[in-house]
Amino acid sequence: MTTECSSTEGRRILDFYSGRGRDDRGRTLLDILGWTDTRLEEVHDYIQWLFPLRERSGANPDAPVLDEETIAQFRTDPSLKATLHRSFLRMLAFYGLETGQDGVARAASFEGKSHNWLRPGNHNHLRLTRMLRSLSVLGLEEDALSLLSCLRSIYEAEATTRRSRITPQTFHFWTEAVEK
């Protein structure tokens, strides 16, 4: 895997994703992927490393941001894409979702795990927006579209039961994250 990049921030992201680097708290990607769901819920400064964006995070301003060179590396390097996909799968499991023949769907664990995130204004809605945008930017558009399709299904089911734990504004943000 080639992880050459001229920008310091780009190198930090590529090193983290290639297993040679650590985040700003000294954690490796494998450390984070091995966390329990409880730890993923309680810690708020890792998602910016798992799913980097071009914009600096207000929640973790020390996390590096993507540049065009780093984006190009992810989009062309199968190893980087595979590792990003692994991060995607870990977060799906956290949300009670899984991939199958028909794309992302509710897992058997959905009812138990959805209580962590399926409520209005929950910070995990922002995490999902970040995931959708990062996957789209870094070359995993199909994963992003599949996740959006699943979230649409959940959103529509919520609307029919009048629970509305996902606001129209949140769903709009999710849709825009994939379209950008």
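What is the volume of the largest pocket? In this predicted model, the largest pocket has a volume of about 300 Å³. Its lining is made of 13 residues, and those closest to the pocket centre are Ile 47, Gln 48, Leu 126, Arg 127 and Arg 130. Two helices, helix 4 (47-50) and helix 8 (123-137), each supply at least two residues of the lining. Helix 8 gives the most, with six residues. Sorted by class, the pocket lining has four nonpolar, six polar and three charged residues.

One of the residues closest to the centre of this pocket is Leu 126, which lies in helix 8. Is Leu 126 buried or exposed? A residue counts as exposed when its relative accessible area is over 50%. Leu 126 has a relative accessible area of 63%, so it is exposed. In sequence, Leu 126 and Pro 64 are 62 residues apart, and in space their C-alpha atoms are 18 Å apart.

Rolling a probe the size of a water molecule over the atoms shows where empty space is left. How many cavities of 30 Å³ or more does a search of the whole structure find? The search finds one. The largest cavity holds about 30 Å³ of space. By class, five of the cavity-lining residues are nonpolar, two are polar and three are charged.

In soluble globular proteins, nonpolar side chains tend to be buried together. Here the largest nonpolar core has 49 residues, and Leu 50, Met 91 and Leu 147 have the most contacts inside it. Helix 1 (8-18), helix 2 (29-33), helix 4, helix 5 (68-76), helix 6, helix 8, helix 9 and helix 10 each supply at least two residues of this core. The largest share, seven residues, comes from helix 6.

Leu 147 belongs to the buried residues of helix 9. Which residues does Leu 147 contact, leaving aside its neighbours within four places in sequence? They are Phe 88, Leu 92, Leu 97, Val 104, Leu 128, Met 131 and Leu 132.

Helix 9 runs over residues 141-161. At 1.5 Å a residue, its 21 residues should span 30 Å, and its end C-alpha atoms are 30 Å apart, which agrees. Besides Leu 147, its buried residues are Asp 143, Ala 144, Ser 146, Leu 148, Cys 150, Leu 151, Ile 154 and Glu 158. An α-helix has 3.6 residues a turn, so residues three or four places apart point the same way. The buried residues of helix 9 pack against helix 6 (78-95), strand 1 (97-100), strand 2 (103-106), helix 7 (110-114), helix 8 and helix 10 (168-179). Just after helix 9, Arg 162 takes a positive phi of about 60°.

Gly 103 is in strand 2. With a relative accessibility of 18%, Gly 103 counts as buried, because buried means under 20%. Beyond its neighbours within four places in sequence, Gly 103 is in contact with Glu 98 and Ser 146. Gly 103 and Gly 26 are 77 residues apart in sequence, with 34 Å between their C-alpha atoms. Glu 111, in contrast, lies in helix 7 and counts as exposed at 58% relative accessibility. Glu 111 and Tyr 95 are 16 residues apart along the chain, and their C-alpha atoms are separated by 9.6 Å.

Just after helix 1, Gly 19 takes a positive phi of about 85°.

Technical notes: Residues are numbered from 1 along each chain as its sequence is written. This is a predicted model: local features need pLDDT of at least 70, side-chain atom pairs count only at pLDDT 80 or more; totals for chains, interfaces and linings use all residues. Side-chain values use heavy atoms; hydrogens and water are left out. On a 1 Å grid over the protein atoms alone, a cavity is a set of points where a 1.4 Å probe fits but cannot get out, and a pocket is an open set with protein on both sides within 12 Å along at least five of seven lines; lining residues have an atom within 4 Å of a point. Grid points are joined across faces, edges and corners, and a volume is the space filled by probe spheres set on the points. Helices (H or I, at least four residues) and strands (E, at least two) are DSSP runs, numbered from the N terminus. Ala, Val, Leu, Ile, Met, Phe, Trp, Tyr, Cys and Pro count as nonpolar, Asp, Glu, Lys and Arg as charged, and the others, Gly among them, as polar. The expected span of a helix is 1.5 Å times one less than its number of residues. Buried means under 20% relative accessible area, exposed over 50%, partly exposed in between (1.4 Å probe, protein chains only). Contact means heavy atoms within 4.5 Å. A nonpolar core is a set of buried Ala, Val, Leu, Ile, Met, Phe, Trp, Tyr and Cys residues joined through side-chain atoms within 4.5 Å.
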